[in-house]
Amino acid sequence: MEFKELIEARRSVRKYVPGEISKDEMAVIVGEALNAPSWKNTEVTRYYAAVSAEAKERLWKEALPSFNMTSTANAAALVAVTFKKGESGYMGTAAANELGEMWGAYDCGLASAYFVLAAKSHGWDSLILGIRDAEKIKALMGIPEDEVVTSVIALGKAA
């Protein structure tokens with residue numbers, strides 16, 4: 001698929017058919033997303049995937065509002081996207097400019113865009129969720145305290 005076709009084909013999908021994604025396919029998508037540019041090539045974005053029915057159910061019930069649970073039902077995976085604090089946007093331990101920590105969110109946004117485009121190129125649809133309980137997601141998925149949860153991306157096949 002040509003790039004123009006890919007970006008035109010990628011849409012936010014809010015209804016999925018039941019399905020599963022393999023660890024290998026998820027690894028390929030993440031690997032391709034890691035090609036996103038980042039501050040001084042710090043590559044601060046991290047992906048945490050819930051693929052089992054139990055893990056997705058816990059996220060839906062404990063960390064997402066009901067409307068997000070409804071719009072991602074049957075998704076093959078829920079992927080928490082984070083960035084490591086204090087790296088992107090810094091020169092040593094000092095913020096390089098007035099944006100400081102916001103560079104991490106910027107880098108994470110670029111990486112998320114690459115992720116959903118990589119997923120689409122492999123036939124997967126997606127929805128980026130910004131309304132979520134970050135602290136519950138961190139607890140449920142074992143995400144370190146030095147990371148900021150920016151979003152959850154639902155991945156699946158459109159119904």
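Predicted model: local features only at pLDDT ≥ 70, side-chain atom pairs only at ≥ 80, totals over all residues.
Which residue forms a salt bridge with Glu145? That partner is Lys138, with the closest N and O atoms 4.0 Å apart, a salt bridge being a side-chain nitrogen of Lys or Arg within 4 Å of a carboxyl oxygen of Asp or Glu. The two ends sit quite differently in terms of relative accessible area (buried is under 20%, exposed over 50%, partly exposed in between, with a 1.4 Å probe and protein chains only): Glu145 is exposed at 55%, while Lys138 is buried at 7%.

Residues are numbered from 1 along each chain as its sequence is written, and side-chain values use heavy atoms, leaving out hydrogens and water.

Helices here are DSSP runs of H or I with at least four residues, numbered from the N terminus. Lys61 pairs with Glu57 at 3.3 Å, N to O; they are four residues apart in H3 and therefore separated by about one helical turn. Lys61 is exposed at 58%, and Glu57 partly exposed at 31%. Arg58 and Glu62 form another salt bridge, at 3.6 Å between the closest N and O atoms, and they too lie four residues apart in H3. Both ends are partly exposed, Arg58 at 45% and Glu62 at 39%.

Arg58 and Glu62 also turn up, with Leu59, in the contact (heavy atoms within 4.5 Å) that H3 makes with Lys136, Ile137, Leu140 and Met141 of H6.

Technical notes
Helix = DSSP H or I, 4+ residues; strand = E, 2+ residues; numbered from the N terminus.
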